[in-house]
Amino acid sequence: MAQKPGIPKGTRDFSPVEMVKRNYIFDTVKSVFQKYGYMPIETPAMENLSTLMGKYGEEGDKLLFKILNSGDYLSKANDQLLAEKESNKLINQISEKGLRYDLTVPFARYVVQHQSEITFPFKRYQIQPVWRADRPQKGRYREFFQCDVDVVGSNSLLNEVELIQVVDEVYRLLNINVVLKLNNRKILTGIAEVIGAADKIVDITVAIDKLDKIGLEKVNEELASKGLSSTAIETIQPIIQLSGTTQEKLAQLKEVLSSSEVGLKGIEELETVFTYLDHLKLELEVELDLTLARGLNYYTGAIFEVKAKDVAIGSITGGGRYDDLTGIFGLKDVSGVGISFGADRIYDVMNQLDSFPKKDGVRTQVLFVNFGDEDELYAIHALKNVRAAGINAEVYPDNGKMKKQMTYANKKQIPFVVLCGEQERKDGVFTLKNMESGEQSMVTLEELVKEIQASGGLMN
RNA sequence: GUGAUUGUAGCUCAGUUGGUUAGAGCGCUGGAUUGUGGUUCCAGAGGUCGCCGGUUCGAGACCGGUCUUUCACCCCA
């Protein structure tokens, strides 16, 4: 009995039509990355679990896909744990590999492992799928592609500025209106310091991140429930509700954080970045947003997030600076900063806005109808010349009915069809049919090539 | 992980309080048209109603479980 085929939850097949669009996104970001001097690398889909575990917080560990050891994976398992169904404790006995959760941690691993061959600062980009075992929902998949650009081995804020330029250029090319939100983890640390709750920084950032979602009152409730005193909550009110221009916000912050060295350092960094951005006069809207926390706990400086203005789908790009990601793997004092473009969400946004280019440049421009035998030979000979002229062309592989071959051309939206049977072959010509207008004419090979090239080739 | 939601032909969906042989549109195949697609007309093929179990004389419909879809929460691209 034939079983119904299917794919795992949260994964997707991509049809030719979708791939053309996806590749357009990949090609666009790649071209920008390369323009700024970033070079490609790739890393394996699976990493050692020890590389992945503990890098994304408790929640992240849960969302890691673990791979069962090969062979008799239970043979080394502890009997007692097995009997008690202690899956969490059993994991490291039955699994030593996992699917990568993002591209940043594998990159840090790569840098440490290849440090002797790398010239710093190292600028790399990486476009590969990542996997997360959470429940799929709108704009969330279990397998999705990230397009990462990172610089490691440089503390300069010029890198932050450059990455913002990359964001600006990518989204201008893709024709998406976005706003880039900028914050600095040092400021968040400073806030926690000022209210004497340095250990609560994660709780505080998570709570204020929800401001525009659940409102001020609920945020304060959450802060209280996490054990913050009412005076502490009182102290950070002006920060949560900061308003005015960027300059005004920074000035207010300076006052509140005057007693915190890290806090002031964070403000200074932001000021520098904003000053550079002012000089560059980007079209991109850059907004200082203190409610931007981002969950990944390895960020130490700048934090970025990009949202589409016209589509509600969550962030489509995110990133930040991490001062010590390579430290865990034994390479100290290498700071890095990077951002990640979420290709799948960008795809969803562009689809909703219908902002993909109409002409894709990849589909077949002309189909040669197959009449078999000597006519077929005549066709493939001409076909070779047409292809040599840079035209995407194919011949129908079987001497099938005309109706079938024409239907094929129609379905594939091939704009031209060439008919060359006995008569044409004897006269050394071709019948060229324009599938859009229905017109057809007898032409020589040269005229055929010229006409297809002149048409721009592609209908939508 | 928590709370909802969906599943009937290749696709989109009807299917009455539980009652004979489960329907439509689109698509597909063949024909009208042996060298002409996208329009039209005619005919045909295609379904263990997601899966397992239960209630019932009788289940596509009701109940339980499971998988799947979509959505919200947590978290995140």
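Predicted model: local features only at pLDDT ≥ 70, side-chain atom pairs only at ≥ 80, totals over all residues.
**Salt bridges**

The structure holds 18 salt bridges.

| Pair | N to O distance |
|---|---|
| Lys35 and Glu169 | 2.6 Å |
| Asp134 and Arg140 | 3.1 Å |
| Glu269 and Lys186 | 2.9 Å |

The side chains of Lys35 and Glu169 meet in a salt bridge. Lys35 belongs to helix 1 (residues 16-35) and Glu169 to helix 7 (residues 158-174), so this pair ties together parts that are 134 residues apart in sequence. Lys35 is exposed, at a relative accessible area of 60%, whereas Glu169 is buried, at 12%.

The salt bridge between Glu269 and Lys186 also links distant parts of the chain: Glu269 sits in helix 14 (residues 261-280) and Lys186 in helix 8 (residues 185-194), 83 residues apart. Both Glu269 and Lys186 are buried.

In the pair formed by Asp134 and Arg140, Asp134 is buried, with a relative accessible area of 14%, and Arg140 is partly exposed, with 33%.

**Helix 11 and helix 12**

The axes of helix 11 (residues 216-225) and helix 12 (residues 230-240) come within 12 Å and cross at roughly 140°. The crossing of these two helices is right-handed. From helix 11, Leu216, Val219, Asn220, Leu223 and Ala224 take part in the contact, meeting Ile233, Ile236, Gln237 and Ile240 of helix 12. By class, the residues of this contact are 7 nonpolar and 2 polar, with no charged residue.

Terms used. Residues numbered from 1 in each chain as written. Chains lettered and ligands numbered in written order. Heavy atoms only, no water. Axes fitted to C-alpha atoms, helices over the stretch in contact; angles between N-to-C directions. Helix = DSSP H or I, 4+ residues; strand = E, 2+ residues; numbered from the N terminus. Left-handed = near helix turned anticlockwise from the far one by under 90°. Contact = heavy atoms within 4.5 Å. Nonpolar A, V, L, I, M, F, W, Y, C, P; charged D, E, K, R; others polar. Salt bridge = Lys/Arg side-chain N within 4 Å of Asp/Glu carboxyl O. Buried < 20%, exposed > 50% of the residue type's maximum accessible area, 1.4 Å probe, protein only.
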